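My notes follow in the order I took them.

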Amino acid sequence: MQKEAQVTAFEGGQLRFLASGEKGREAVLALPLNRLLVKLVRVPAESDPAEFALPLLQAASPFPDDALTVSCETVSEDADGKVVLAAALPESAADDIGEALDAAKLNVVRIDSLALGQLRGIWSSLGEGRGRRLVLMKSPDCISLVVLDGDLPTAIRALTDETDIRREVMLSLLEAEDFGGAKKLEEIVVVEGEDKSDERGERDKSGEGSGETLGEQEVSCPSRHSCLSCQELASLAPLRRLTVGADAALVGVMERSADPAALNALPASWREVLEEARFKAKLFRYLAVACGLWVLAMGVLFGVPVAYGFMTDHQKGLSKQHARQYKAVKEMKAKVDLIHKYSDHARGALEIMKAVSDRLPEGVTLSSWTYRRDEGVRVSGDAETSESTYAFKDAMDAMTAGEDEDGEKIFNTVNLNGPNASKGGYRFDLDCGYQGEEEE
């Protein structure tokens with residue numbers, strides 16, 4: 001059975017649902033026995049059960065022009081063949097069923113017999129039996145008659161005319177003899193729904209009819225007609241009554257639906273409608289998913305640029321704010337540097353002249369002095385010997401590394417041009433560049 005399929009029965013001209021079942025658009029439909037063509041058929045080993053049973057059900061159909069879809073459920077099997085329960089639903093007799101299903105917006109996935117579901121539900125209550133038993137099951141539409149030889153069904157039919165119950169019972173027993181031979185009828189089991197009438201309640205309170213096995217006077221007739229028929233049945237075999245719940249048959253149908261080998265009398269045209277409905281449902285789901293993906297794609301296509309636009313505008317705003325702050329800090333730093341530059345007398349002309357004069361060796365005379373505050377100083381002079389010139393350069397080099405006695409580090413570079421021999425000594429030029437300022 002489909003996971004989402006619910007179980008429903010068509011009784012008394014309306015649908016009745018299993019209260020505890022699944023809810024959905026698909027349903028397993030249980031029909032009274034009189035709405036189906038049902039027959040026990042002995043099929044040879046080499047024959048297809050559905051093809052073999054088709055002409056038999058077609059001959060019994062009140063609508064000979066209807067194309068039947070036969071379903072078979074194996075009852076027993078041996079080397080010679082098998083006994084199957086063949087069933088089919090004439091579509092011409094199911095117009096009211098189709099209208100009820102359309103009104104409930106249900107699609108049928110399986111069609112089973114309500115009597116077979118009821119039989120499954122009471123199977124444990126029937127107990128073990130090796131002889132022949134007759135089971136009568138009452139529903140609002142008919143009485144279902146099933147003959148059992150032990151656990152094997154040998155006859156099944158529906159009774160709609162309640163006045164002919166004895167005749168139908170005899171026909172069912174004759175049909176059972178064709179399958180299982182002549183056997184004594186050991187028991188008749190009457191299956192009833194729960195009776196909530198006041199009359200029945202009074203009878204139960206008084207103790208009448210409370211025994212499970214009933215005698216001729218305490219039999220409750222499943223057809224609710226005259227006691228004469230009950231007495232006639234009681235004359236055939238002992239009667240026993242079983243009372244079941246209102247949903248017992250539907251529960252049995254639900255259990256049978258889980259078995260893939262169980263009966264399924266769904267007509268071919270109904271199968272096509274079911275496949276079409278499932279296709280439309282899948283198509284709708286796929287279209288819904290496709291529309292969702294399309295909306296998502298459009299959202300990404302148009303939403304991402306918009307989001308990036310907002311994010312870009314936000315970053316641009318932060319960048320402009322940072323640029324203004326950076327410009328303000330840079331201007332402030334330039335002002336501080338300017339103030340620091342003109343307030344630092346360590347590089348003034350007099351201080352540099354003093355530092356150079358203090359390191360001037362003997363025999364060296366300066367002839368020119370060029371001072372640039374931001375660049376350095378250039379001096380030219382005459383020396384008596386070349387060694388004096390180099391000694392003067394070494395003294396100035398010591399100022400670049402801070403290795404002199406004062407530990408000052410003033411110049412960054414010291415370049416000597418010369419010494420060149422001239423009249424009375426040597427001429428030279430010395431370029432001293434200031435140390436580069438550290439950038440923050």
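I started with strand β15 (residues 376–383), which is joined to β14 by eight bridges, the two strands running antiparallel. The model is a predicted one, and I read the entries below with that in mind.

Next I placed the pair in its sheet. The sheet is open and has four strands in the order β14-β15-β17-β16, with antiparallel pairing. I noted β14 (364–372) and β16 (411–422) as the edge strands, each pairing on one side only. From one strand to the next, the twist averages 15°.

I then asked which strands helix α10 lies across. Helix α10 (residues 349–358) lies across β14, β15, β16 and β17 (425–434), and runs at about 155° to β14.

I moved on to a helix pair. Helix α3 (residues 114–121) packs with helix α8 (residues 248–257) at an angle of about 95°, and the axes are 7 Å apart. On the α3 side I listed L114, L116, G117, Q118 and R120; they meet A248, A249, L250, G252, V253, E255 and R256 in α8. Sorted by class, this contact has six nonpolar, three polar and three charged residues.

Last, I checked S113, which lies in strand β7 (residues 107–113). Is S113 buried or exposed? Its relative accessibility is 1%, so S113 counts as buried. Neighbours within four places in sequence aside, S113 is in contact with L31, L33, L36 and V253. I had already listed V253 in α8, among the residues that α3 meets.

Notes
Residues numbered from 1 in each chain as written. Predicted model: local features only at pLDDT ≥ 70, side-chain atom pairs only at ≥ 80, totals over all residues. Heavy atoms only, no water. Axes fitted to C-alpha atoms, helices over the stretch in contact; angles between N-to-C directions. Contact = heavy atoms within 4.5 Å. Nonpolar A, V, L, I, M, F, W, Y, C, P; charged D, E, K, R; others polar. Buried < 20%, exposed > 50% of the residue type's maximum accessible area, 1.4 Å probe, protein only. Pairing = 2+ DSSP bridges.
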